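Here are a few notes to get you started. Have the viewer open and follow along.

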Amino acid sequence: MSLYAELHRHLGGSVVPRVLWRYFERNRPDISNEFDDYSAFEQFYTQPKETLEEYLQLHTLVESVQTREALPYFIYRLIRGAYIFENLAYLELRYTPFYRTPDRLSQVERIDAMAEIIEIVGRASQQSEYPVVTKQILCMHSRLPYEVNRATLELAAQYPEYVCGIDVAGGDAAYNIEELKRLYTHAQALGIKTTGHLYETKDGCYPELLPYLMRIGHGIQIPLHYPELLKEVAARGQCLEVCPTTYLQTGTLDEISQLKTVFNRCFDAGVDIAICTDNAGLHNVRLPFEYENLLTHDVIGFDGLRACQAAAFKHSFAWPHPQQPASLLSNLLSEKSGQVGQYVESSRQAVERSRR
Ligand SMILES: [Zn+2]
């Protein structure tokens with residue numbers, strides 16, 4: 001039995017269409033009434049988009065309903081699905097807290113309201129019924145002002161029990177590189193772990209940001225178009241968070257087979273890859289399907305897959321054990337079978353004694 005680690009999943013894109021539809025029907029009929037029925041909504045929600053920008057607009061729809069009141073509803077269902085259907089032992093869930101605060105408030109008031117959102121997400125993520133180790137990654141956002149992004153990363157430092165790192169998201173064409181360099185420098189000074197959406201599309205290739213990141217969100221343009229950078233990526237011990245379905249949904253790649261170059265060049269250069277879902281709900285795809293899809297399309301083999309699954313635990317920001325769950329389980333099962341073996345042996349000896 002395998003248990004998995006998921007390092008790149010957005011809270012906004014993680015709501016599966018059925019759960020979102022039920023929520024709209026019960027609470028926002030103004031939205032559900034815009035569609036003839038569920039299948040029309042599912043089609044709208046999950047169909048591939050032309051560009052990353054168009055794809056990101058759907059996040060706005062979900063963000064608008066993920067309010068402080070509704071967040072526990074969505075997170076409960078997210079963790080339950082991750083545990084039951086995806087075998088997740090570890091999940092890093094990312095989002096921009098500012099976008100979950102009420103937009104009727106001023107910017108300063110919204111910044112003040114961000115801490116409560118982090119606490120709500122943190123409490124809702126801890127479920128004894130479905131025990132997945134869940135930590136938050138707070139996303140700075142390319143469309144938000146410097147002050148909001150700075151407050152976001154400072155909150156990450158203030159909530160180590162809930163938050164394990166920071167990210168930058170939003171359209172990568174809109175990155176303000178000088179601001180991001182200052183923000184990441186500040187994050188490093190505060191001891192915060194770092195990832196960032198970078199080298200996802202051809203518009204998002206900023207080599208000057210690479211040294212600030214412990215992991216690279218996507219990063220697929222590096223092996224595809226800048227393979228000369230792989231050596232330094234390997235030397236820094238950076239891991240790529242590759243989310244196969246995303247590139248087809250956003251029009252970044254035409255075919256999944258193009259990822260073969262990504263995996264082969266990274267493996268050859270000694271760069272680790274963690275396979276992730278990005279927006280499992282928006283894609284209607286769960287993590288084990290991403291694994292299987294790569295195998296059936298011959299992008300990687302089982303050895304490569306196992307290496308990527310191990311890399312996900314190795315590069316996680318907050319997996320609390322020195323070992324991965326596979327070895328913990330193997331030990332447990334072999335201990336048990338050892339006990340059974342001893343029992344069988346002592347029974348056999350008792351039978352022999354009784355025969356004498
Ligand atoms: Zn992402």
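**Notes on the fold**

1. Start with helix α7 (residues 146-158): its 13 residues reach 18 Å from first C-alpha to last, close to the 18 Å expected at 1.5 Å a residue. That expected span is 1.5 Å times one less than the number of residues. Helices (H or I, at least four residues) and strands (E, at least two) are DSSP runs, numbered from the N terminus.

2. A word on the source: this is a predicted model, where local features need pLDDT of at least 70, side-chain atom pairs count only at pLDDT 80 or more, and totals for chains, interfaces and linings use all residues. Residues are numbered from 1 along each chain as its sequence is written.

3. Back to α7, where the buried residues are Val148, Asn149, Ala151, Thr152, Leu153, Leu155 and Ala156. Buried here means 20 or more other C-beta atoms within 10 Å of a residue's own, with C-beta atoms placed from the backbone. Their cover includes α6 (107-125), β3, β4 and α8 (177-189).

4. Now the sheet: 4 strands make an open, parallel sheet in the order β1-β2-β3-β4. At the edges sit β1 (4-10) and β4 (163-169), each pairing on one side only. Strands count as paired if DSSP finds at least two bridges between them.

5. Arginine 94 stands opposite isoleucine 137 in β3.

6. Finally, the domain assignment, which is automatic or from a database, gives domain 1 (4-317) and domain 2 (321-356). Their centres, taken over C-alpha atoms, are 43 Å apart.

Key
A residue is buried if 20 or more other C-beta atoms lie within 10 Å of its own, exposed if 12 or fewer, and partly exposed in between; C-beta atoms are placed from the backbone. Two residues are in contact if their C-beta atoms, placed from the backbone, lie within 7 Å.
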